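Welcome, and please open the model in your viewer. We will take a short walk through it, one selection at a time.

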Amino acid sequence: MLSSADETAGPDRTADVPAGPEISIVVPTFNERENIAELVRRIGEALPGVAWEVIVVDDDSTDGTAARVSELARQDRRIRCIQRIGRRGLSSACIEGFLSSSAPYLAVIDGDLQHDETVLPDMLENLRQGDVDIVVGSRYMAGGGIGDWDGRRARLSRASTLLAQKTLRVVLSDPMSGFFAVRRDVLHGVVRGLSGVGFKILLDIFATAERPLRFRELPYEFRARHAGESKVDGIVALDFLTMLLQKKAGRLVPSRLIYFSVIGGGGIVVHLAAFAAAFHGFSLAFWPSQAIAALFAMVVNFTLNNLVTYRDQRLSGRDWLRGLVVFCLVCSIGAVGNVGVASYIFRGGGAWLPSVLAGLLIGTVWNYAATAFYVWRPRR
Ligand SMILES: Nc1nc2c(ncn2[C@@H]2O[C@H](COP(=O)(O)OP(=O)(O)OP(=O)(O)O)[C@@H](O)[C@H]2O)c(=O)[nH]1
Ligand SMILES: [Mg+2]
């Protein structure tokens, strides 16, 4: 129980309060429950005498990763967990982990023990020397390696490395590496320009920096995953291409609008196919065929946008159903606006093609803006 003096006093400046950590090691996780204790143990073993902390940024894993981290944190104050609800994304998780740190040095390491934590002391020492901004673990330099990847994965990795090096003119041997340590001021200098999309945070940092970053690469051998499953899928590849595009083209057109429009365009094909099936296949009358086709196209559009365009804030369960209903309502208003604008321009003497295109433009922008607000409003 506090005395009244304790209640009014501020922190006791004379007490022996330990200073903050020298290095924050950010671990992005999604379903890594069985790996995290071993990872923290190995980090501790690799960094004796160093004031480190581990910040796990967990995207609401279904296997109880965050609860496991909290258990560990109750025994060791150098461990903490940021739990993000309704969000996904390795890069954005790293950024949020970095921003929660007050340490002068920041590192990232995967949660599945594939990165070699024994390289961390060397990374830290290089940053302490002060002649580099960032130290990168590389699988593609002498002494490094990609472990037991099969031929297909190895070829894909090589190809994306080459693509990243050529398009963004990054001279790193392994720009796709997810294992690096960076000075705090360097990270804070670029953080507002990061795209934060997908898996490739290192590439994002290099492509965003206004001056060339001074870097050093240290080799490491990529290990086999300790436990759990990989999260790499086709969408990771799509995210990678989006990030390259954003870095080349700037942010004039949001990547979500591009996905939304492409999916919307594909919706016309879906509509025609569904109409043909209903009208010719099931011999329904014209208007029910058209209504079924419109509804079907909207459900497909909603599903694809939820899977791809808004993959970082995917709706599920009851939210999915609610989202679908609102999506259909919003897009119906968009369709009325589309027809109204096109007819107005056409009646006013416009040629048919510009009239139709103007209607499509208005309808798409409305659908995009209104669904972003009413269907996938970010929970931040
Ligand atoms: N917070 C967060 N972490 C993620 C997400 N996706 C992956 N991760 C974590 O990022 C790290 C790398 O993901 P992995 O699936 O192992 O990807 P990888 O190492 O490139 O590929 P594999 O060799 O197949 O394991 C792991 O610690 C994952 O748990 C995500 O959406 N959010
Ligand atoms: Mg992995």
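Helix 8 and helix 9 are roughly parallel to each other, because angles under 35 degrees count as roughly parallel and theirs is about 5°. Keep in mind along the way that this is a predicted model.

**Stop 1: helix 8 against helix 9**

Select residues 201-208 for helix 8 and residues 234-249 for helix 9. The axes of these two helices are 11 Å apart. Now show side chains: helix 8 brings L203, D204, A207 and T208 to the contact, while helix 9 brings F240, M243, L244 and K247. If you colour this contact by class, you will find five nonpolar residues, one polar residue and two charged ones.

**Stop 2: helix 6 against helix 9**

On the helix 6 side, look for S160, L163, A164, T167 and L168. Facing them from helix 9 are F240, L241, L244, K247 and K248. This contact divides into six nonpolar, two polar and two charged residues.

**Stop 3: around ligand 1**

Next, select ligand 1 and the 22 residues around it. Those that come nearest are E32, D59, R88, D112 and S230. Zoom in on E32, where a polar side-chain atom lies 2.5 Å from an oxygen atom of the ligand. At D59, a polar side-chain atom is 2.7 Å from a nitrogen atom of ligand 1. For F30, show the backbone: one of its polar atoms is 2.9 Å from a ligand oxygen.

How much of ligand 1 does the protein bury? Taken alone the ligand exposes 630 Å², and the protein buries 95% of that.

Finally, highlight strand 1 (23-29) and helix 4 (90-99), each of which supplies at least two residues of the shell. By class, the shell holds nine nonpolar, five polar and eight charged residues.

Notes. Residues are numbered from 1 along each chain as its sequence is written. Chains are lettered from A and ligands numbered from 1 in the order in which they are written. This is a predicted model: local features need pLDDT of at least 70, side-chain atom pairs count only at pLDDT 80 or more; totals for chains, interfaces and linings use all residues. Side-chain values use heavy atoms; hydrogens and water are left out. Axes are lines fitted to C-alpha atoms, for helices over the stretch in contact, and angles run from 0 to 180 degrees between N-to-C directions. Helices (H or I, at least four residues) and strands (E, at least two) are DSSP runs, numbered from the N terminus. Angles under 35 degrees count as roughly parallel, over 145 as roughly antiparallel, 65 to 115 as roughly perpendicular and the rest as oblique. Contact means heavy atoms within 4.5 Å. Ala, Val, Leu, Ile, Met, Phe, Trp, Tyr, Cys and Pro count as nonpolar, Asp, Glu, Lys and Arg as charged, and the others, Gly among them, as polar. A residue is near a molecule or strand if one of its heavy atoms lies within 4 Å of it. A polar contact is a pair of N or O atoms within 3.5 Å; within protein, one must be able to donate a hydrogen and the other to accept it, and residues adjacent in sequence count only if both atoms are side-chain atoms. Accessible areas come from the Shrake-Rupley method with a 1.4 Å probe; for residues, only the protein chains shown count as cover.
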